[in-house]
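This report goes through selected local features of one protein model. The sequence and structure come first.

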Amino acid sequence: MAAIGASIRLPAGGSPFSRWRTATTYGGIQKRGRFFAVSTETVGRGAGFGENEKVVKKTMNQKTVKEETEVKPKIYANPEELPEFEEDKKLLKDFFEECKEIIRSDGGPPRWFSPLECSSSTSPDCPLLLFLPGIDGTGLGLIMHHHKLGKMFNIWCLHIPVHDRTPFNELVKLVETTIRSENFRSPNRPIYLVAESLGACLALSVAARNPNLDLVLVLSNPATSFSKSQWQTLIPLLDIMPDQFPLNLPYMLSLPTGNPLRMLMDNVVKRGLLPQTIEDLSRNLATLSTYLPVLADILPRETLRWKLNLLKSGAAYANSCLHAVKAQILILCSGRDLLLPSQEECQKLQKALPDCEIRKFEESGHFLFLEDNVDLVTTIKAAAFYRQGKQFDCVSDYVPPTPCEFKKVHESIRWILSATGPVMLSTLEDGKVVRGLEGIPSEGPVLFVGYHMLMGFEIVPLVAQLLMERNILVRGIAHPMIFVKPKGGNLPEMDPSNFDIFRLMGSVPVSGASFFKLMSSKSHILLYPGGAREALHRKGEEYKLFWPEKTEFVRMAARFGAKIVPFGVVGEDDIAEIILDYNDQMKIPWRREEIERITKQFPKARADASGEVANQHMYLPVMLPKFPGRFYYYFGKPILTEGMKVELRDKEKCDELYLHVKSQVEGCIDFLKRKREKDPYRNLFSRVLYQASRPGSTSTSPFHIPSFDI
């Protein structure tokens with residue numbers, strides 16, 4: 001991993017990392033066999049990156065490990081049995097334990113350290129992530145995320161000692177020197193600044209002073225709203241309060257978690273019966289109370305007074321230069337922040353910053369990174385904020401969902417699976433139709449080409465079942481609105497967070513370049529030639545294909561020898577009926593203006609298309625829900641294109657194969673429409689009765705309930 005070198009004067013041949021590793025104070029922390037590598041870089045001094053890399057690698061005894069993010073056989077088969085948290089995840093008590101070690105002998109200037117539990121699985125090519133702490137200054141605020149961040153970033157954390165009195169502008173210079181040094185060493189990689197409260201002010205200030213550097217800021221509850229916060233009122237109180245007067249318990253409890261009682265209740269209620277829950281809650285509260293002295297040591301009276309004034313000056317500094325910030329920014333906003341008006345401030349910052357997105361955590365407190373239900377890595381991935389180069393690459397920068405991430409996704413979509421009871425059929429090489437997905441080719445590239453149901457409802461069960469049953473992660477080619485920020489700013493109707501699950505599960509923006517990259521990487525690709533026109537169809541157009549005249553996907557498939565799997569899906573007419581479609585809404589003046597306004601905010605997915613498929617206005621049909629029926633999927637026999645590259649240069653041959661694929665999709669739809677009439681479990685009520693009559697049986701899974709005879 002990249003090393004942040006030190007500029008402190010050392011004896012000849014000495015290394016700051018090895019020196020601090022063997023020291024008996026903070027630099028030599030050893031906790032359960034793990035160490036911190038510490039850089040003794042001082043404020044105002046130069047920093048060198050990479051110069052101590054060999055020493056650090058030797059000291060760390062770095063090992064090569066296989067990435068846990070790779071898709072491994074059968075690990076997604078039973079989502080209910082997957083772990084809720086990653087195996088190596090640390091807990092809140094670890095934060096307090098390691099804080100005690102850090103502040104035990106805590107002299108010297110602000111400095112960087114690297115959590116060594118992150119080092120063994122980090123590639124030297126990963127981007128640098130600098131963590132800028134909040135008011136605590138320990139630099140351990142990401143301790144519950146180190147285990148996952150270390151697989152994607154080279155992590156260094158800023159530690160500000162308890163008795164340090166470095167002013168805000170000097171802290172800005174320290175971070176600025178560090179990022180400039182890293183940019184000089186790796187000019188083609190972004191630098192991530194992850195920060196909370198005070199650290200967020202620091203990150204914004206550094207970004208404003210360096211608008212030409214490629215910075216990505218991930219900010220949790222920025223303290224730019226300090227003048228409107230409860231913290232502001234503490235400054236005069238500390239000046240007049242007697243020295244013997246302690247900080248009150250609720251305030252101290254709010255420092256690490258924002259709302260500890262709610263968080264503890266949430267964590268234990270999810271795990272057991274009431275007696276066990278009460279026992280766990282009592283134990284957790286007792287454990288938390290034992291660490292209150294640690295809080296007092298982290299923020300003694302004089303330090304708290306200094307930090308509050310540092311917050312005041314930092315907020316003023318950051319607010320004065322917001323206009324100069326050009327960095328890519330993701331703001332994480334807590335709904336129950338008791339210390340800062342974070343929700344209002346995040347909205348203000350989003351309007352002031354040109355490239356800024358927000359993710360809201362309605363049930364979380366101020367110190368977001370120390371809550372069990374917050375996963376920073378998942379948030380970064382789902383927002384498509386992880387990249388290793390100048391631009392986001394949908395293939396090389398994509399990190400598949402971990403088992404824990406998929407478990408949470410599955411929990412959020414379980415109601416859809418239960419309501420639709422998906423039936424999946426596939427076709428073997430000999431033409432035999434079988435239940436399940438046995439007929440889907442394992443080796444890519446594979447191109448799924450099919451019908452896009454109303455509102456794209458069919459995507460969720462399709463992607464989930466392919467991953468669970470066949471361990472195949474499908475990369476869906478999606479409308480650019482999922483990835484591109486609206487031209488006129490964020491639209492309430494198109495909140496980017498609504499599409500996080502699609503990005504997390506591998507969706508890519510539609511383009512020839514994306515298609516080419518996915519084919520090159522031998523992926524399983526999901527393509528809907530009818531696109532938005534098909535998914536947002538009008539009354540009476542269900543199961544009608546709206547395909548473009550161009551046959552480019554056939555040529556691309558042949559170029560890479562891909563297998564084309566045509567498929568059909570039916571069931572939309574069993575869940576909803578369109579009341580007001582596009583034609584109806586365009587007759588209403590204010591709705592017409594809204595549709596046109598929203599459509600203009602996003603680039604067209606098919607700017608060069610003609611005919612009906614080019615009519616892709618962004619609107620939502622008004623629908624009347626029905627008592628749910630059932631979704632049916634039929635994957636036809638794979639069409640082999642290997643060896644057809646030269647043959648398909650002939651336009652007639654290419655058109656012939658294109659029409660053949662289209663007719664296969666139509667045939668799959670017709671087959672399902674006929675067969676579903678004979679399904680005794682087509683209605684949700686009949687499926688519920690079936691499941692109730694077989695409690696505990698594996699056959700009661702929504703995917704295993706019987707249907708018609710093939």
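Where is the place of asparagine 471? Asparagine 471 sits in the loop between H16 and strand S13 (474-478); helices (H or I, at least four residues) and strands (E, at least two) are DSSP runs, numbered from the N terminus.

The model is predicted, so local features need pLDDT of at least 70 and side-chain atom pairs count only at pLDDT 80 or more, while totals for chains, interfaces and linings use all residues. Residues are numbered from 1 along each chain as its sequence is written, and side-chain values use heavy atoms, with hydrogens and water left out.

The table lists relative accessibility. Buried means under 20% relative accessible area, exposed over 50%, and partly exposed in between (1.4 Å probe, protein chains only).

| Residue | Relative accessibility | Class |
|---|---|---|
| Asparagine 471 | 19% | buried |
| Methionine 455 | 29% | partly exposed |
| Glutamate 411 | 43% | partly exposed |
| Histidine 537 | 1% | buried |

Most residues other than glycine have a negative phi, and most peptide bonds are trans. Asparagine 471 has a positive phi near 60°. Methionine 455, in the loop between S12 and helix H16 (459-470), also has a positive phi, of about 60°. The peptide bond from glycine 444 to proline 445 is cis, with omega near 5°. Proline 445 belongs to the loop between strand S11 (433-435) and strand S12 (446-450).

Histidine 537 lies in the loop between helix H19 (531-535) and helix H20 (552-559). Glutamate 411 is part of helix H15 (residues 403-420). Its C-alpha is 8.3 Å from that of proline 79, although 332 residues separate glutamate 411 and proline 79 in sequence.
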